[in-house]
Each structure stands twice: as structure tokens, then as C-alpha cells.
Amino acid sequence: MTTGTPRDPSSVDNPASDVAAIEIRDLHKSFGDNEVLKGIDLLVRPGEVVCVVGPSGSGKSTLLRTVNLLEQPTSGSIRIEGTDILDEDVDIDRIRTRIGMVFQQFNLFPHMTVLRNLTVAQERVLRRPKKESQEVARAMLERVGLAEKATDHPGHLSGGQQQRVAIARSLCMNPDMMLFDEPTSALDPELVGEVLEVMQDLASSGMTMMVVTHEMGFAREVGDRLIFMDDGVIVEEGDPAEVLANPRHQRTQAFLSKVL
Ligand code: ADP
Ligand code: MG
């Protein structure tokens, strides 16, 4: 899958499907005197997979974190499925349940079994009954190929398996979209593929995804769009294969020449 994500034809008449999953306008973010995001405009359509690449310190993580207000923007606007999340009256906790987030560090609870890691937020945040939470958890473990690890503790799993558990844990909340911040950067090289494969499956299922990654193969194969960020701005964006083969901007060329 290189361009376009298969979409449910029955949703064509549904006006909600015209609403952007994520709509960011003129987003600025400063930490003290350090302006880290310098006017970002970004529209992510439902079902779209947007990969974000760029040098360390360019603002990729900060951009992702502002999408669910883990960072408060300095100015600009952010709409999630049409809702202005900077509106004081918005229940941001409710919006956050619509957005799954997966980090470089898996952040699993080490003292809980894999299954309990997957049920705890379902029970506490979604108020799902225990039995139903366990059923959902088992289904999601199956989906990431780890059904047999339900009763293990995270410390007994490989890094790749732990990251797959972290993805399954996010999926248990039925998110409308998933944000990945360098999900394979902490992994030994031989474990990267199994995580990317799970993400590819997720993309094929129509999940809306923003993925900060250094995996250019993934961006090319799975991404609908590639965004190159440098120094707090989007320098260029486009079809991943196109941008990777023919970067127009000198800064993109310089970056790609180091990573490809
Ligand atoms: P990237 O993910 O592209 O490596 P980041 O978004 O993590 O970049 O960081 C961009 C810049 O913002 C860096 O200069 C970093 O030091 C700064 N920064 C990020 N988070 C914070 C924070 N919580 N407080 C102060 N500065 C921060
Ligand atoms: Mg980062």
C-alpha cells in the first residue's frame, strides 16, 4: 500500500467522514525563549498514515505531544475530529481516549501481568466491566500475535514483544487514531520488523496514524504522506516515495543523505 487507504464505501454519505481527524493551524510552541514549533499547518484525513521525519531536536515529539495536549501550545489551533481542543469547555480527557499514543519507551507496568496492563485503563477510564475488558484485551493480544503471553510479566518479554503489548494496550481503548513517537528506536535491530509489521496491519485496517520514525522503508511502503520537519517548521511534504527519491529542499536532501 503506497497511496490511499482503502475506505469503507458506506461511509461516503456520512458527513462525519469529511471532517479531518487532525487539523492543526499555525501552531506555535515555545519553551521559555526557545521556540520549538514555528507555525505548523497540518491536516490528517481519516484513515491516513502520515509519517514525520527530521533531525533530532526539530520538534517532532513536541508536535505529536501537542495533538493530545501533553504539551500546551503557545498559539494556534488544534481540532480533533472537528472539536477545538483548546476550547476551555472541552473535556480533554474524553478527547484523549480517542487518541492512542505509543512511545519509544513502552511504559508498561512491570508489576502487572500483560493482561492486567491491558485491562486496567479499560476498567478505570472506560468503566468497562472486568470480563469484557479481559475479552477485549485477549482479542488485541491475538491481533499483535501475543495471545500466549497474557499471564507473563513485561520483564519476561523481548523489547519487540513489549512494544507490541503497548500497541495492543492502546487498541483496547478503541482509539480513532494512533500517534507513534519513534516506536522502534529503542529496539535491537532484529526486533524492529515485528513491530513495524503490527503497525502495517493497523494501517491496512484503516487506522488514522501519525508516525514519527527513522524507518524510511516503512514510510515509503506504509505512509500515505511523508512530512520532513526541521527547526520547528514543515520543510516539505508529499508522497513518501516521491519525497525520498526527489527531495526538493536542500535541508531534506542533507537529512536524507545521512539516513538513507
Ligand atoms: P525531536 O522529537 O524532533 O527530537 P523535540 O520535540 O523533542 O524534538 O524537541 C525540540 C526542542 O524542544 C529541543 O530543543 C528540546 O530541547 C526542546 N524541548 C522539548 N521538550 C521540552 C521541555 N519539556 N522543556 C524544555 N524544552 C523542551
Ligand atoms: Mg523526539
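1. Helix 1 lies across strand 1, strand 2 and strand 4, and its direction is at about 120 degrees to strand 1. Keep in mind while you look that this is a predicted model.

2. Four strands make up an open sheet in the order 2-1-4-5, and the pairing is antiparallel. Which strands sit at the edges? They are strand 2 (34-44) and strand 5 (83-84), each of which pairs on one side only.

3. With strand 2 it runs antiparallel, and eight bridges join the two. Strand 1 (residues 22-31) also runs antiparallel to strand 4 (residues 75-80), and here five bridges make the join.

4. What is its bridge partner in strand 2? That would be lysine 38. In strand 4, histidine 28 has serine 75 as its bridge partner.

5. Have a look at the turn as well. Strand 1 and strand 2 form a hairpin with two residues between the strands. In this hairpin glycine 32 takes a positive phi, near 60 degrees.

6. On to the helices, taken pair by pair. Two packed helices are described by the angle between their axes and the distance between the axes. For helix 3 (residues 114-124) and helix 4, the packing angle is about 130 degrees and the axes are 9 Å apart. The two are therefore oblique to each other, and their crossing is right-handed.

7. Who touches whom in that pair? Helix 3 brings Val114, Leu115, Leu118, Thr119, Gln122 and Glu123. Sorted by class, the contact of helix 3 with helix 4 has six nonpolar, four polar and four charged residues.

8. Helix 4 (residues 130-143) also packs on helix 5 (residues 159-171), at an angle of about 135 degrees and with the axes 9 Å apart. Helix 4 and helix 5 are therefore oblique to each other, and helix 4 passes helix 5 in a right-handed crossing. Met140, Leu141 and Arg143 of helix 4 meet Val165, Ala168 and Leu171 of helix 5. By class, this contact of helix 4 with helix 5 has five nonpolar residues, no polar ones and one charged residue.

9. That leaves helix 3 with helix 5. How do they cross? Their axes come within 9 Å and cross at roughly 30 degrees, which makes helix 3 roughly parallel to helix 5. The crossing of helix 3 and helix 5 is right-handed. Val114, Asn117 and Leu118 of helix 3 make the contact with Val165, Ala168 and Arg169 of helix 5. The tally by class for helix 3 with helix 5 is four nonpolar, one polar and one charged.

10. Last, the annotation. The UniProt record, an unreviewed entry, places the feature "domain: ABC transporter" at residues 22-256. Over residues 22-256 the chain is 37% helix and 26% strand, with the end C-alpha atoms 27 Å apart.

Notes. Residues numbered from 1 in each chain as written. Chains lettered and ligands numbered in written order. Predicted model: local features only at pLDDT ≥ 70, side-chain atom pairs only at ≥ 80, totals over all residues. Heavy atoms only, no water. Axes fitted to C-alpha atoms, helices over the stretch in contact; angles between N-to-C directions. Parallel < 35°, antiparallel > 145°, perpendicular 65-115°, else oblique. Left-handed = near helix turned anticlockwise from the far one by under 90°. Contact = heavy atoms within 4.5 Å. Nonpolar A, V, L, I, M, F, W, Y, C, P; charged D, E, K, R; others polar. Pairing = 2+ DSSP bridges. UniProt positions renumbered as here; feature names shortened; annotations may be inferred.
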